[in-house]
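Please look through the structure shown here.

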Amino acid sequence: MEESVRPSSTVNGTPQHIDLQSIPLPPQRDTGNAAAVDTMSARPPYAAWESRYRAWVIGSDVFTAFVLIVMSAFLIDRSDPHDMHALGTAAAFLFGLSVCRAWSPRVLGEGAEEYRTLGRGLVTTAVLVALGGLLFGALAVQPWVFIVVPMISVFMFLQRYALRQVLHRRRRLGECLLPVLAAGSPDTVADLIARTKADPHVGWRVEAVCTYSGAGTERGSGEVEGVPVVGKLDDLAGHVRRGGYRVVAVTADQHWNPKRLQRLAWDLEGTSAEMVVAPMLMEVAGPRLNVSGVLGMPLLRVTAPMFTGGRRLVKEALDRFGSALLLTLVSPLLLVIAVAIRLDDRGPVIYRQRRVGRDGHTFTMLKFRTMVTNADKLKRELQADNEGAGPLFKMKKDPRVTRVGGLLRRYSLDELPQLFNVVSGRMSLVGPRPPLPEETAKYAPDARRRLLVKPGLTGLWQVSGRSDLSWAESIRLDLRYVEDWSLALDLVILWKTFRAVVQGRGAY
């Protein structure tokens, strides 16, 4: 059943219904898009799907925790029942997730941030259970801290992911999207519109545009990328009240100034809209951005990307342990692949290639051989047929690929030997794609920032299109990872990698 987006305002977290007809509006400029404005003005001021989705998230979290806590109480305390263990864990769970805002509408469905807040809430739960056991003398809480809470965490992350997939599927069908009014220069607004169309899972649909002149991308045009221009920047607040938009996306424009932005923020108070301002540092986000007040002014603090420190030590430990565990689990598969390659053309099983790692240091990367033994010599003859982006050499139907190699490439099985590179510390489980020396020789200064971290067995490029990506998009994704790295982002990428590999899209 299709749902229309129904915006409402919130005051102190409480939905406030607005009588749109009673709000005085400034005179509106006739932009030739009256039909679009009239249609949007009829939008009901409430989004039923948002409340239902949040209810599903909270309900599934609580149900999962309840079932697992009851089962654990029976299994752990059946010989000497202690209701306080179960009750204390349940109370800690509710408090931990609430105080860490794991159920906040602003984080549900929001990339790695949702999993980050959920993780903080579950860690808080474990700490509270441990402290409660010490405080009340219930010292037999170890199973609850080290078994029950981690078990709840695993199930909770899985169900959050499943619910998000349902939401993303609806959004790809054009449902469950937040109506957005974009305001800025036609060029930056066009870029925003293109991004929202390319990534509908984000949940934004730009329905109207305001520019300084009230014109579109072309002279005399009333549209930007097919979206109607409904007025000038000075008329923006009136259009928001009339159209009931949920997001006002402010993009770069030379006509924006502190006074104009402050007035816009004041004018949007009491409406259904959330004001979102795109910073000039477009690829810096997440934990690196913080707003603080200094000298009476709100300042956006941009911290340096973390390449060392405690979190990096944790990542290093997880890389070594995780790759060693994966090697143990897939060792039978490695043997089968090695035999298949050997029987195919009697050539060597492993292909060794020099790649560039962290800080520009080269290392020998291991892969299962997927091409004929003289592939490097044949490459010069195929340069005219290169389909790769930038300095990369790629062909969708490369004649050098063997029969077994084609299957291995489709599902990225040829990259499994790189786990040995991860164990040795030359690579990471997650990171930028390991480049060739001849590629790095052609790098622009911005692209060289990819070398600030270890290359990865998988990364944002792997879960976002792989070889189908343009060179510029591949660089943008790698730089985004370098700038905004976090453990939560690594976990999300690892989770998405499995699906990308199984589907086999973009691999050749």
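The lining of the second largest cavity has six nonpolar, one polar and three charged residues. In this classification Ala, Val, Leu, Ile, Met, Phe, Trp, Tyr, Cys and Pro count as nonpolar, Asp, Glu, Lys and Arg as charged, and the others, Gly among them, as polar. The residues that line this second largest cavity are Val-356, Gly-357, Pro-432, Arg-433, Pro-435, Arg-450, Leu-451, Val-453, Lys-454 and Pro-455. The volume of the second largest cavity is about 40 Å³, and a search of the whole structure finds three cavities of 30 Å³ or more. Cavities and pockets are found on a 1 Å grid over the protein atoms alone: a cavity is a set of points where a 1.4 Å probe fits but cannot get out, while a pocket is an open set with protein on both sides within 12 Å along at least five of seven lines, and lining residues have an atom within 4 Å of a point. Grid points are joined across faces, edges and corners, and a volume is the space filled by probe spheres set on the points.

The model is a predicted one, in which local features need pLDDT of at least 70 and side-chain atom pairs count only at pLDDT 80 or more, while totals for chains, interfaces and linings use all residues. Residues are numbered from 1 along each chain as its sequence is written, and side-chain values use heavy atoms, with hydrogens and water left out.

At least two lining residues each come from α4 (111–135), α5 (142–172), α9 (310–345), β13 (428–430), β14 (456–458) and α15 (487–503). By class, 33 of the residues in the lining of the second largest pocket are nonpolar, eight are polar and nine are charged.

The protein chain as a whole has 15 helices and 14 strands; helices (H or I, at least four residues) and strands (E, at least two) are DSSP runs, numbered from the N terminus. Of its 508 residues, 44% are buried, where buried means under 20% relative accessible area, exposed over 50%, and partly exposed in between (1.4 Å probe, protein chains only). Its accessible surface comes to about 27100 Å², with 61% belonging to carbon and sulfur atoms. Contact means heavy atoms within 4.5 Å; among contacts between residues at least 6 apart in sequence, 72% join residues at least 24 apart.

Side chains of opposite charge can pair when their charged atoms come close. The structure holds 19 salt bridges, a salt bridge being a side-chain nitrogen of Lys or Arg within 4 Å of a carboxyl oxygen of Asp or Glu. One of them joins Asp-61 and Arg-160, at 2.8 Å from N to O. Asp-61 lies in helix α2 (residues 48–76) and Arg-160 in helix α5, so this pair ties together parts that are 99 residues apart in sequence. Asp-61 is buried at 0% relative accessibility, and Arg-160 is buried with a relative accessible area of 0%. A network of salt bridges links Asp-61, Glu-114, Arg-160 and Arg-164.

Another salt bridge, at 3.0 Å from N to O, is made by Arg-403 and Asp-344. Arg-403 is in helix α11 (residues 403–410) and Asp-344 in helix α9, so the pair connects parts 59 residues apart in sequence. Arg-403 is exposed, with a relative accessible area of 70%. Asp-414 and Lys-367 also form a salt bridge, with their closest N and O atoms 3.5 Å apart. Here the loop between α11 and α12 (418–423) holds Asp-414 and strand β12 (residues 362–368) holds Lys-367, so parts 47 residues apart in sequence are tied together. Both Asp-414 and Lys-367 are buried.

The loop between α11 and α12 also contains Ser-412, whose phi is near 60°, a positive value in a residue other than glycine. Most residues other than glycine have a negative phi. Asp-359 has a positive phi near 60° as well, and lies in the loop between β11 (350–356) and β12. Are these two residues buried or exposed? Ser-412 is buried at 8% relative accessibility, whereas Asp-359 is exposed at 52%.

How values were computed
Accessible areas come from the Shrake-Rupley method with a 1.4 Å probe; for residues, only the protein chains shown count as cover.
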